[in-house]
Amino acid sequence: MKSLMERHEAFARLHDSGCFVLPNPWDVGSARIMAASGAKALATTSAGHAFTLGRTDGGTVTRDEALAHAQDILAATPLPVSGDFENGFGDTPEDVARTVQRAGEIGLSGCSVEDTIMGEELAAYDFDLAIERIRAGAAAAKALNRPFVFCARADGVMNGVYSTEAAIKRLQAFEAAGADLLYAPIPPSMGELERIVKSVSKPVNALIAGDFRHFQLADFAAIGVRRCSLGSTIARLTHHHIVKAAYAMCQAGDFTPLAETASGDMVDRLLHLGADD
């Protein structure tokens with residue numbers, strides 16, 4: 001098993017050049033299968049984790065629950081792990097700093113924090129407060145005195161509360177505040193994503209969801225994206241097949257969707273391979 005420092009260093013190097021896929025497992029089993037399938041690193045998914053608890057996405061999981069879950073994912077494979085920590089589990093810069101500090105303490109190689117106020121209707125933090133929150137998180141990451149990729153998210157485009165232009169303004173400010181990686185999920189088009197990439201000098205993460213599912217990794221690499229994460233997309237894909245099979249069986253007495261299952265031998269093999277160094 002690789003040491004934590006080796007994992008941290010490897011994760012930081014992944015962001016130095018090229019473009020890589022960052023899958024988001026939601027439990028130990030999915031983490032090991034993704035590791036066995038060739039993943040170079042993993043990240044938690046706030047939505048996927050919430051689903052396993054029977055909760056909806058968006059502020060329903062506590063900091064302690066998210067950290068304990070991230071520790072489970074970290075222990076499952078020899079890969080570096082980053083935490084999807086929503087808004088940092090609090091509104092203040094101090095809340096964000098504490099979340100980053102705790103993420104470092106449990107051995108994560110990075111984490112992301114978004115500018116979303118959690119509530120029934122998602123809203124964005126005021127511009128100045130959003131910057132101060134990222135500045136506090138970046139300072140906490142630097143205080144770890146080892147590689148830690150702190151990702152600052154501008155989620156307002158995805159949430160429908162501000163424009164791509166406003167997202168770029170925020171990302172540029174987040175970069176100046178010390179963020180290591182910048183992320184504006186689901187802009188309107190590939191062209192707008194390229195605008196985002198060219199507007200900053202730090203690496204940019206892209207979320208593979210919505211229309212972006214129709215592109216290839218090479219397409220993202222060609223416009224300068226450094227990291228492609230899946231968020232809750234794979235968890236939602238899994239739930240799609242659960243719903244499809246359950247409806248067919250329970251409402252129509254149709255068991256044919258079960259013909260698409262993986263074999264037990266294949267799953268066992270992947271779980272074993274994913275746990276190995």
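Biologist: Which residue stands opposite A43 in β3?
Modeller: A43 stands opposite S82 in β3. β2 and β3 pair in the parallel sense over two bridges; two strands pair if DSSP finds at least two bridges between them. Helices (H or I, at least four residues) and strands (E, at least two) are DSSP runs, numbered from the N terminus.

Biologist: Before we go on, what sort of model is this?
Modeller: It is a predicted model, where local features need pLDDT of at least 70 and side-chain atom pairs count only at pLDDT 80 or more, while totals for chains, interfaces and linings use all residues. Residues are numbered from 1 along each chain as its sequence is written, and side-chain values use heavy atoms, with hydrogens and water left out.

Biologist: Thanks! Back to S82: what stands opposite S82 in β4?
Modeller: That is G110. Strand β3 (residues 81–84) and strand β4 (residues 110–114) run parallel and are joined by three bridges. G83 stands opposite C111 in β4.

Biologist: Are the β3 side chains buried or exposed?
Modeller: Buried, on both faces: V81 and G83 on one side, S82 and D84 on the other. Buried means under 20% relative accessible area, exposed over 50%, and partly exposed in between (1.4 Å probe, protein chains only). In a regular strand the side chains alternate between the two faces of the sheet.

Biologist: What is the strand order in the whole sheet?
Modeller: The order is β1-β10-β9-β8-β7-β4-β3-β2, an open sheet of eight strands with parallel pairing. β1 (20–22) and β2 (42–43) stand at the edges with a single partner strand each, so one side of each is left without a neighbour in the sheet.

Biologist: And which strands does helix α8 touch?
Modeller: Helix α8 (residues 164–176) packs on the sheet, touching β7 (149–153) and β8 (181–183). The direction of α8 makes about 165° with that of β8. Contact means heavy atoms within 4.5 Å. Axes are lines fitted to C-alpha atoms, for helices over the stretch in contact, and angles run from 0 to 180 degrees between N-to-C directions.

Biologist: OK, what about β9, which way do its side chains point?
Modeller: In strand β9 (residues 204–207), V204 and A206 point one way and N205 and L207 the other way, and all are buried. β8 and β9 run parallel, joined by two bridges, and Y183 stands opposite N205 in β9.

Biologist: Changing topic, how many disulfides are there?
Modeller: Zero, from a search of the whole structure. A disulfide here is a pair of cysteine sulfur atoms within 2.5 Å.

Biologist: Now helices. How do α4 and α5 cross?
Modeller: The axes of helix α4 (residues 63–76) and helix α5 (residues 93–105) come within 11 Å and cross at roughly 25°. That makes α4 roughly parallel to α5; angles under 35 degrees count as roughly parallel, over 145 as roughly antiparallel, 65 to 115 as roughly perpendicular and the rest as oblique.

Biologist: Which residues make that contact?
Modeller: R63, D64 and L67 of α4 meet D95, R98, T99, R102 and A103 of α5.

Biologist: Last one: where does F89 lie?
Modeller: F89 lies in the loop between β3 and α5. Phi of F89 is near 60°, a positive value in a residue other than glycine. I186 is not a glycine either, and has a positive phi of about 55°; I186 lies in the loop between β8 and α9 (190–199). F89 counts as buried at 17% relative accessibility, while I186 is partly exposed at 24%.
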